[in-house]
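Me: Could you take me through this model by question and answer, starting from individual residues and ending with the chain as a whole?

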Amino acid sequence: MGVQRPQDNSVIDLSTQGYDCLKLEYCPNSDLFDLVRNIMRTGEAEKRPFVLGLPLSRYLIRKVADVIGHMHHNVGLAHLDIKVENILFDQDYTPKLCDFGFSYDIKAKIFEQQGTQGYMAPELNYGYSQRGYDGQLADIFALAVTFFILVFGIPPFHRTDDSDVYYKIFHQFTNEDKVLKFIRLHPATKANKDFLIDQDHSCDAHAKEHARQTHHFIEMIMAMVSPNPSRRPQSIIELFESFEFMRPNPLYDISDDEARSQLRNLISKHRQTANK
Ligand SMILES: Nc1ncnc2c1ncn2[C@@H]1O[C@H](COP(=O)(O)OP(=O)(O)O)[C@@H](O)[C@H]1O
Ligand SMILES: [Mg+2]
């Protein structure tokens, strides 16, 4: 099942014809999970962060956020299973969100645990059957985990409680050095910490901007995975408005055509390697 942006005119609501489903065109080019995993396997992980390169990573993050924003604000549904496996690439290498099995009215409080462990916000692990939770804020949490995997090639944490030391790293620091502390401690960044910190002081304007983008990205993720849902960005609109990382950036912005061409090259390169 699936949905795409309305201007493509391909969301087909069959519920009026007695079916409870949506149609998504065939997506023969695998998914974001496979793409990231294949890149990590080839050892290109040395290039962390932004294993797909900064322009393509930014493009995919803004695109996926835009699709979720459309779903929340225009369709009125929370997805509740956002993850790298549910972002497919169609015939033209356009990313498409799929898997609407858990989707739920955005205005309703939800009393059932829905989603995938590792992507589920803490309120989905404790007390949800009594207190209920907000699907939109649960999606924002899962979106952060998805973005993190896309950028670093590994999950940010495995569980959302204090027994998971990596989840703690995201919210135990409140001062202004919190991003640097994160970089020193988290397995996704600590191998590159000298590089990331040196880059910050580099005279090379490009390297400096790359470091700035990394900091902006980590800051945004820290807010999105706050244990307290009311401390997360409250909507996708707020995500675009309040975080520097989501703003247009002429240094890195690429067109749909350029993104599709980069995705085609990456996916076919890794398909050939996998077939050898
Ligand atoms: N439109 C599609 N084109 C190609 N493959 C698809 C498409 N929709 C789903 N799939 C494949 O089927 C898998 C399962 O579909 P999904 O909708 O995610 O259901 P679920 O994960 O709940 O079983 C996807 O991960 C993907 O590999
Ligand atoms: Mg799925």
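This is a predicted model: local features need pLDDT of at least 70, side-chain atom pairs count only at pLDDT 80 or more; totals for chains, interfaces and linings use all residues.

**Contacts, burial and helix packing**

Me: Which residues does asparagine 29 touch, not counting residues up to four places away in sequence?

Reply: Residues are numbered from 1 along each chain as its sequence is written, with chains lettered from A and ligands numbered from 1 in the order in which they are written. Taking two residues as in contact if their C-beta atoms, placed from the backbone, lie within 7 Å, and leaving out residues up to four places away in sequence, asparagine 29 touches Phe89, Asp90, Tyr93 and Ile267.

Me: Does asparagine 29 count as buried or exposed?

Reply: Asparagine 29 sits in the loop between β1 (2-3) and α1 (32-41), where helices (H or I, at least four residues) and strands (E, at least two) are DSSP runs numbered from the N terminus. A residue is buried if 20 or more other C-beta atoms, placed from the backbone, lie within 10 Å of its own, exposed if 12 or fewer, and partly exposed in between. Because asparagine 29 has 21 C-beta neighbours inside 10 Å, it counts as buried.

Me: How many Å separate the C-alpha atoms of leucine 80 and glycine 115?

Reply: Leucine 80 lies in the loop between β2 (77-78) and β3 (87-89), and it is buried, with 25 other C-beta atoms within 10 Å. Beyond four places in sequence, its contacts include Phe102, Tyr104, Gly115 and Ala138. Leucine 80 and glycine 115 are 35 residues apart in sequence, and their C-alpha to C-alpha distance is 5.5 Å.

Me: How far apart in space are phenylalanine 170 and phenylalanine 182, C-alpha to C-alpha?

Reply: Phenylalanine 170 belongs to helix α5 (residues 165-171) and is buried, with 24 other C-beta atoms within 10 Å. Not counting residues up to four places away in sequence, phenylalanine 170 touches Pro156, Met222 and Val225. Phenylalanine 182 is twelve residues from phenylalanine 170 in sequence, and the two are separated, C-alpha to C-alpha, by 7.1 Å.

Me: How are α6 and α9 oriented to each other?

Reply: Lys178, Val179 and Phe182 in α6 meet His215, Ile218, Glu219 and Met222 in α9. Helix α6 (residues 178-185) and helix α9 (residues 205-224) have axes 10 Å apart at an angle of about 95 degrees, where axes are lines fitted to C-alpha atoms, for helices over the stretch in contact, and angles run from 0 to 180 degrees between N-to-C directions. Angles under 35 degrees count as roughly parallel, over 145 as roughly antiparallel, 65 to 115 as roughly perpendicular and the rest as oblique. Helices α6 and α9 are therefore roughly perpendicular.

Me: What is the mean pLDDT of the protein?

Reply: The protein has eleven helices and seven strands, and 35% of its 276 residues count as buried. Over residues 1-12 pLDDT stays under 50. In the protein, 88% of residues reach 70 or more, and the mean pLDDT is 88.

Note on methods
pLDDT is the predictor's confidence in each residue, from 0 to 100.
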